[in-house]
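Thanks for asking me to look this over. Here are my notes, in the order I would go through them at the screen.

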Amino acid sequence: MKRAVLVWFALALALRGAALEFPQTLKEVHAPAEAKTVAVEFDFTNRTDKPVQVSRYDPTCSCMSVSIRGGKLRYEPGESGVIRAEFDMGNFSGEVDKAVAVYLNDDPDGKPSVVLTTRVHIPVLIALEPKTQKWAIGGAAEAKVIRIAMNHAKPIRVTGVSSSSQAFKHELKTVEEGKTYELIVTPLETKGPALAIFRVETDCDIAKHRTQQAFAVIRKPIPGEKP
Amino acid sequence: MKAIVQMAGIATLALAAAGVTWAIKGPPARVLRCEPSQLKPDEVCLEQVPSEGVVWVDARPRKDWVANGLEGSMLWNIDPAEDMQAFEAEAVTRIASTPRVVVYCGDENCGVSRQVAERIRKLDLGAEVSVLHGGWRSLNEAGRVKGSSPGR
């Protein structure tokens, strides 16, 4: 009886272990600000004693192309391969995760054996803080500041600010040319709700970072929120 | 040989027990379960979301949102082909008057909704932003999206 149970477990383990071993399933990449694409390679090895079939590999967005070296999908025990993922970075900045789902053998839909994640860090060249300034309806119509800080090797100058609403007036103050600015926003009144979108134009040499936006909102206060 | 016979015996007993369980209790429930005590800090069960006063954000690809997104939801995904500033502007417009946001993506394994939720928090609107446990699948099973019916 003991032997039967051992054989049973051995069989179960052999079936369970029919997978590829990836030394890393998460890779972090620090991309330059001007990067249009980022490519990452994930190595793997079949450490089991059975062949493993890569049945499919799915990118999680249309911005990704995924390939497997040599188009090879079946891996004998001990064989290695590489999955390569290339991402279109579009107008991203900050941190973004991109995943590839890898289905092996008979993995059911939605249950891939492996999910490979690439965490891309793209520098934020123009930081607006806070992104939204808020006033309470009926509160004081006081001026508030949105700070604009440039984090680039070259100076970045603000060339203009436009607003979507007449309910606020705004003024741009230069703290340090090419480095730091302040956008001072003042509501004309706070009797009712209002919203403005401020488009901040710059002379940044990288097009995707050139225009930024910030917001001003007059609304009912949220309980517990700091004024 | 004896071991093989014994293995066959164990398998037969296990199958018989499974068959009896199936006959008495029916097939296994394949619907998504949401246990509030096991949620991640930023997650919420569909049952916990108020029926009104919520901005729903669909973090799936645009074609999926168009095909079967929750009625009244807005789109915000991380597809670089999309205009992120347009997403921001629409989100601020909606959230300014409704500071409760729930983001969903394809299913419980999808990580995009968490990334979108983080981007919404960075708008500094002071909104309560949650990720829907089970994503679109839980909405579908609850009959909340186009072409679905409860319990599917």
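1. Chain A has an average pLDDT of 89, and 90% of its residues score at least 70. The stretch to treat with care is residues 11-18 of chain A, where the pLDDT is below 50. Beyond near neighbours in sequence, that stretch has five contacts in the model. Where pLDDT is low, the predicted coordinates should not be read in detail.

2. In chain A, domain 1 covers 20-122 and domain 2 covers 126-219; their C-alpha centres are separated by 40 Å. In chain B, domain 1 is 1-30 and domain 2 is 36-141, with 43 Å between the C-alpha centres of the two.

3. Now to where the chains meet. The contact draws on 31 residues of chain A and 28 residues of chain B. On the chain B side, the elements that supply two or more residues are α1 (2-25), α3 (84-97) and α4 (112-121). Of these, α3(B) gives the most, with eight residues. Sorted by class, this side of chain B has 15 nonpolar, eight polar and five charged residues.

4. Chain A holds an open, antiparallel sheet of four strands in the order β9-β11-β14-β13. Its edges are β9 (126-129) and β13 (168-176) of chain A, each of which pairs on one side only. On average, neighbouring strands of the sheet are turned by 20 degrees against each other, direction ignored. Inside the sheet, six bridges link β11 (144-150) to β14 (180-187) of chain A.

5. A few backbone details deserve a look, because most residues other than glycine have a negative phi, and most peptide bonds are trans. Glu129(A) and Pro130(A) are joined by a cis peptide bond, with omega about -5 degrees. Pro130(A) sits in the loop between β9 and β10 (132-136) of chain A.

6. Which residues other than glycine have a positive phi? One is Asn105(A), with phi near 45 degrees, in the loop between β7 (94-104) and β8 (114-122) of chain A. Asn105(A) counts as partly exposed because it has 14 C-beta neighbours inside 10 Å. Another is Asp124(B), at about 60 degrees, in the loop between α4 and β5 (128-132) of chain B. Asp124(B) has 18 other C-beta atoms within 10 Å, so it is partly exposed.

How values were computed
Residues numbered from 1 in each chain as written. Chains lettered and ligands numbered in written order. Predicted model: local features only at pLDDT ≥ 70, side-chain atom pairs only at ≥ 80, totals over all residues. Contact = placed C-beta atoms within 7 Å. Nonpolar A, V, L, I, M, F, W, Y, C, P; charged D, E, K, R; others polar. Domains from an automatic or database assignment. Pairing = 2+ DSSP bridges. Axes fitted to C-alpha atoms, helices over the stretch in contact; angles between N-to-C directions. pLDDT = per-residue confidence, 0-100. Buried ≥ 20, exposed ≤ 12 C-beta atoms within 10 Å, placed from the backbone.
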